[in-house]
Amino acid sequence: MSASTKYLSILFWILLLNSAGVSAQLLSTTSETKEEVKFPDDSLGRRTPRGSVSGFLKAVSEQNYIRASQYLYLKRSFRKVRERERIVKVMQNLLDQSGNIIPTSLINNKETGQTDDDLEPELDLVGTVKINGEDTDLYLENTEKAGSPPLWVFSSETVDAIASVKIDENLLVNKVLPKALQDRLLAGVPIGQWLVIIILIAASYFLSWGIIALLTFLVTKLWRKARTEPTQGIIEALSLPIQLYIALWFFVDFSQRVGISIIIRQRFSYLTVTVGIVAFLMLLWRITDFVSEFSKNRMTVRGRVSTISVILFLRRTFKVAIFVFGGIAILGAIGIDVTTGLAALGIGGIALALGAQKTVENFVGSVTLIIDQPIRVGDFCRINDVKGNVEQIGMRSTKIRTGERTVVTIPNGLLSATNIENYAFRDRFLFNPILDLRCETTPDQIRFLLVEIKSVLISHPMVNSEDARVRFIGFGTSSLRMEINCYILVSTLDTSLEVKEDLLLRIMDIVAESGSGFAFPSQTLYFAQDEGVSEEKSRTVAEKVKTWKEKEELQIPRFHADKITEIEDSIVYPPEGAAINRKTE
């Protein structure tokens, strides 16, 4: 892995490292504050790894090589002034050629150094240089013993490796720049290198733009599916973030290859990290827009209007999260300590979450309703004691229009935990009346009613004859009870009421034909004027039942298959004389 690739890999993980480290910092801030021992400041700022690296680079930019050498662990053989200056110049030259230092904001700024890596507690990795074609790691070492003030300097192994190298002035940038631009310095760096940096930024951006444009053109020409959704949307969402990342890679790689001073590159390091984070955040932002827009269009085609509001809400929520965590990562990348602010934000977030508990519950309930879809807009349903049509399913509540034309608003959190009876999914309607007949009704009349009513159910084209049932179920306090059970083969309420009305009228005709009648819950007093049960009709019915018995045609306890075939769907429906049968001219 090249040095530039190592450097760029940091950009991919910086967002996760910052966000993951926040919680750990919040939990450990109090304990660390109590345990940490404060030492007097070092005049050179060598108490922390970040302070040592910053101090070294500042001394080099001021060409104060003696001061810069105090950030190195020098053996006695290296303590002569000329040798100390030589080692610092060699180190600067190696860093200028192809070396790199971790962005300053990412270097540990605690006196204990980085304690969660695989290195020894007194060592921290801060960069790499190339020596004899091989990458050599740069380490900082805490040279003081436990209990003494920490003093972080470049380790003896690092200094030994650098001391063995001779200065190589063969840098590409020095060959290209005229002497006038090399002699004049700006912030300790030749002014010509600042101009080269500007050129590299522009060249990297336009080169990455050309590569992405060419790749997009080739993909759309060679792959037909790339010109249709959703592939086209995915390509558009990925193009700009990838372009920025490629431009960043070119800039880092080119600046190392041409020999741009480490002082400039280190000052630009926080910008490169920030651009890397912005590219990643932009990728998340564009993917969020694409997924939400694609889902919204699909739900619009399917007519699921209530789902669209949830999609828009989730999109806004994800964008707010991207903005907040992206801001935290960028602030951390440029070296701003956000721990205190995050602690306050965390406490405020907990208080807000407790206060908005019901709101969150209702939102989760609305998501559950949309995913499971127990009800939809327009459905007729019953929820607890409320019965009506669903008019709206919102983010917080659902509105039901009752039969009294009032609107009942039910919170979605309560709705998702309630039994919902949805009539819209019914494929047939139950017809289950119980007939209370007069106590004077004779057994033969009961038999007649059982046969004739069952015949109507079998004959009716709108009734499921396979499940039709008519039974004499017992004796009431003032009646003989007969139960009818069947299903009406319609899916709408209005049509089912029409068929139910027709069946009830036919049953009334049969009861009247049998000579019996419907019982009343009150007592009946018979006077001489009361004719009572019709003896003539009773004899007729008795003769008819007798005939059925003699011919073995009594369809009790169940109808014969031949009889069912004979009379099935033989009733004319709608009945004769109904206005619906009138022909329109």
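Rings of Phe, Tyr and Trp (the six-membered ring for Trp) are taken as a pair if their centres lie within 6.5 Å, with planes under 30 degrees apart counted as stacked, over 60 as edge-to-face and the rest as tilted. The structure on screen is a predicted model, in which local features need pLDDT of at least 70 and side-chain atom pairs count only at pLDDT 80 or more, while totals for chains, interfaces and linings use all residues. Residues are numbered from 1 along each chain as its sequence is written, and side-chain values use heavy atoms, with hydrogens and water left out.

Across the whole structure, a search finds 8 aromatic pairs. One of them joins Phe56 and Phe154 edge-to-face, at 5.3 Å centre to centre and with 65° between the planes. Phe56 belongs to helix 2 (residues 49-61) and Phe154 to strand 4 (residues 152-154), so this pair ties together parts that are 98 residues apart in sequence; helices (H or I, at least four residues) and strands (E, at least two) are DSSP runs, numbered from the N terminus. Phe56 is buried, at a relative accessible area of 1%, and Phe154 is buried, also with 1%, where buried means under 20% relative accessible area, exposed over 50% and partly exposed in between (1.4 Å probe, protein chains only).

Now move to strand 14 (residues 469-475) and strand 15 (residues 480-488), which pair in the antiparallel sense over 6 bridges and form a hairpin with 4 residues between them. Arg471 stands opposite Glu483 in strand 15.

Which residue has its charged end over the ring of Tyr487? Select Arg428, whose charged end sits over that ring, 5.9 Å from its centre; the criterion is that NZ of Lys or CZ of Arg is within 6 Å of the ring centre and within 35 degrees of the ring normal.

Definitions and conventions:
Two strands pair if DSSP finds at least two bridges between them.
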